[in-house]
Amino acid sequence: TDLMVEINSIISQYVEMEPHKVNALKESLRFDISAIDFDLLRREFANSKRKNLIMRDLEEVIQDKLDQMIFTNPDRIDYYERYQQIINNYNSDQDRATIEKTFMDLMDLANKMDQELQRYAREGFSSDEELSLYDMLFRDDLSKSEINKLKDVAAILLQKIKAKISELDHWTDKPETKAEVDNLIRDTLWAELPECYDELSISEYRQRIYEYVYMHYKGVA
């Protein structure tokens with residue numbers, strides 16, 4: 001009990017809540033990386049005699065957020081791999097210098113994750129879901145005009161998918177309704193993608209996007 005009190009005290013010092021977010025954060029306060037005051041956390045860590053407690057708490061915050069981030073956008077797996085590398089390095093040698101380095105590495109990772117969660121706005125999208133489709137369709141060899149076209153395709157495709165699913169009753173329960181969504185994805189990709197996307201690549205992207213939609217919207221009636 002004393003340990004939990006101390007941990008909660010530490011959390012309350014470096015996590016700031018806006019009044020209108022209190023209710024939303026009650027059930028999963030630790031998930032909101034953007035609510036962490038990193039400068040205050042660094043100072044707390046530097047002065048604390050129990051650095052491992054603060055480091056472990058930050059580790060849990062990152063792990064919880066990573067689960068959400070990767071579910072929303074599987075292309076973010078590199079953040080999870082970086083996290084695993086940091087933790088593996090820590091577990092191999094837990095001296096004081098390692099704890100301090102691990103903490104700083106986790107802080108750097110948490111900052112990068114927070115920036116990634118804001119990337120959809122920087123890319124001109126209205127949601128992280130649109131960005132997820134864009135990332136799945138993106139290719140390194142695209143020109144600037146093709147990239148702009150691809151962004152339009154991602155936004156249009158998501159809008160069409162959601163509209164179609166809203167028309168269907170438990171769409172994942174029946175082969176014919178699943179086929180409607182799958183065909184919608186196929187037709188949209190064929191009609192809207194830049195010409196550099198050939199038949200084989202469109203088939204592969206279609207399959208990947210359908211699997212993503214099935215996992216994320218299978219509970220939508």
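**Close-up views of a predicted, all-numbered chain model**

View 1. Buried stands for under 20% relative accessible area, exposed for over 50%, and partly exposed for what lies in between (1.4 Å probe, protein chains only). Helices (H or I, at least four residues) and strands (E, at least two) are DSSP runs, numbered from the N terminus.

**View 2. The rings of F45 and F103.** Rings of Phe, Tyr and Trp (its six-membered ring) count as a pair if their centres lie within 6.5 Å; planes under 30 degrees apart are called stacked, over 60 edge-to-face, and the rest tilted. The count by this rule is 8 aromatic pairs. One of them is stacked: F45 and F103, at 3.7 Å centre to centre with 5° between the planes. This pair links distant parts of the chain, with F45 in helix α3 and F103 in helix α6 (residues 96–117), 58 residues apart. Both F45 and F103 are buried.

**View 3. The rings of W171 and Y210.** W171 and Y210 form an edge-to-face aromatic pair, 6.3 Å centre to centre and 85° between the planes. W171 lies in the loop between α9 (144–167) and α10 (175–192) and Y210 in helix α11 (residues 199–217), so the pair ties together parts that are 39 residues apart in sequence. Both residues, W171 and Y210, are buried.

View 4. A charge sits over a ring if NZ of Lys or CZ of Arg is within 6 Å of the ring centre and within 35 degrees of the ring normal. K51 lies over the face of F45, 5.6 Å from the ring centre. R139 lies over the face of Y197, at 4.7 Å from the ring centre. F125, Y134 and F138 form one aromatic cluster.

**Notes to the views.** Residues are numbered from 1 along each chain as its sequence is written, and side-chain values use heavy atoms, with hydrogens and water left out. Local features need pLDDT of at least 70 and side-chain atom pairs count only at pLDDT 80 or more, while totals for chains, interfaces and linings use all residues.
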